[in-house]
Amino acid sequence: IPSSMRDWDPRVCTRFPGSKQGGFLGDGALFYRQMLENRQNERVYRAWATLYEDDRLLVNHDRVGYFRPTRAVSMPAFQRRSLVPGKSKTYEALPAADYPELCSTYNLHLDMNPWYYCYESDSSAENAFLRTLKYERPGMFLAENNVLGVIGDGQKHFQGLINLADNRHDDGGFILVPGFRHHLSEWVADTKRRGLQESYGTQLRFIPIPQTEPVHRNAIRVTMRAGSMVIWDQCTVHGSTPNNSSR
């Protein structure tokens, strides 16, 4: 994972290591030691155990969000070394400038299929999908996170993230629509009537919310201090905004 602005310098960094649009590092789950320790932190565990009303928890795996600075960014001077004689190259420092090409994309989405969740009578299709996962690639660890079953199961489903740095409003990051969970069935019926379900079907488990959907007007930005954790019901529309700061 790049650790300084030098690693993001557009003169040498031509490919974002993950999803630039979503601001995610990694194409699949990441297994760095610190990430695993964070997920098993006693306070984090207690928060989940309280919400699920169950101490018997297993840790899942996921990615890291990173929103690169895009405004008034200074690129330091550095040397890119090469083992090939004469191929090392020195880069001069760049004055502060804006880098809109480093921006992620504003988005709202659901990490589940709301039409399957609300309309199917049982979870047999979801359970069958889980049985196909062999966990041969990091991405398979992400796939299981979006399998909720059906509303009739009566199960709780939460998502959360831990903030590793102070996150101000302009720094880019988490947004959600408060209370959306309580109107999910109503929204599902309305979007089915308007044909949105036809665009996604009942098998896709990541649902981007089109910009034309009125629900975008209700999204709020959630800023956090370093070390904070935010948890939301997985049936809540959420997403992120791009970084519009120098941090």
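Colleague: Before we look at this predicted model, what does it take for a charge to sit over a ring?

Modeller: NZ of Lys or CZ of Arg has to be within 6 Å of the ring centre and within 35 degrees of the ring normal. Take Arg 63: its charged end sits over the ring of Phe 24, 4.3 Å from the centre. Arg 205 does likewise with Phe 129, lying over the face at 3.9 Å from the ring centre.

Colleague: And ring against ring: how many aromatic pairs are there in the whole structure?

Modeller: A pair of aromatic rings is described by the distance of the centres and the angle of the planes. Searching the whole structure turns up eight aromatic pairs. In one of them, Phe 180 and Trp 187 have ring centres 5.5 Å apart and planes at 70°, so this pair is edge-to-face. Both rings also belong to one aromatic cluster with Trp 115 and Tyr 200.

Colleague: Is Trp 187 buried or exposed?

Modeller: Buried, with a relative accessible area of 9%. Phe 180, at 5%, counts as buried too.

Colleague: Which residues are buried in helix 7?

Modeller: First, the general idea: an α-helix has 3.6 residues a turn, so residues three or four places apart point the same way. In helix 7, residues 184–193, the buried ones are Leu 184, Trp 187, Val 188 and Thr 191. They span an arc of only 100° around the axis, so they share one side of helix 7.

Colleague: What do those buried residues pack against?

Modeller: Strand 8 (107–110), helix 4 (114–119) and helix 8 (196–200). On the face of helix 7 turned away from the buried side, you'll find exposed Glu 186 and Arg 193. Just after helix 7, Gly 195 adopts a positive phi of about 90°.

Definitions and conventions:
Residues are numbered from 1 along each chain as its sequence is written. This is a predicted model: local features need pLDDT of at least 70, side-chain atom pairs count only at pLDDT 80 or more; totals for chains, interfaces and linings use all residues. Side-chain values use heavy atoms; hydrogens and water are left out. Rings of Phe, Tyr and Trp (its six-membered ring) pair if their centres lie within 6.5 Å; planes under 30 degrees apart count as stacked, over 60 as edge-to-face and the rest as tilted. Buried means under 20% relative accessible area, exposed over 50%, partly exposed in between (1.4 Å probe, protein chains only). Helices (H or I, at least four residues) and strands (E, at least two) are DSSP runs, numbered from the N terminus. The arc is that of the directions from the helix axis to the C-beta atoms. Contact means heavy atoms within 4.5 Å.
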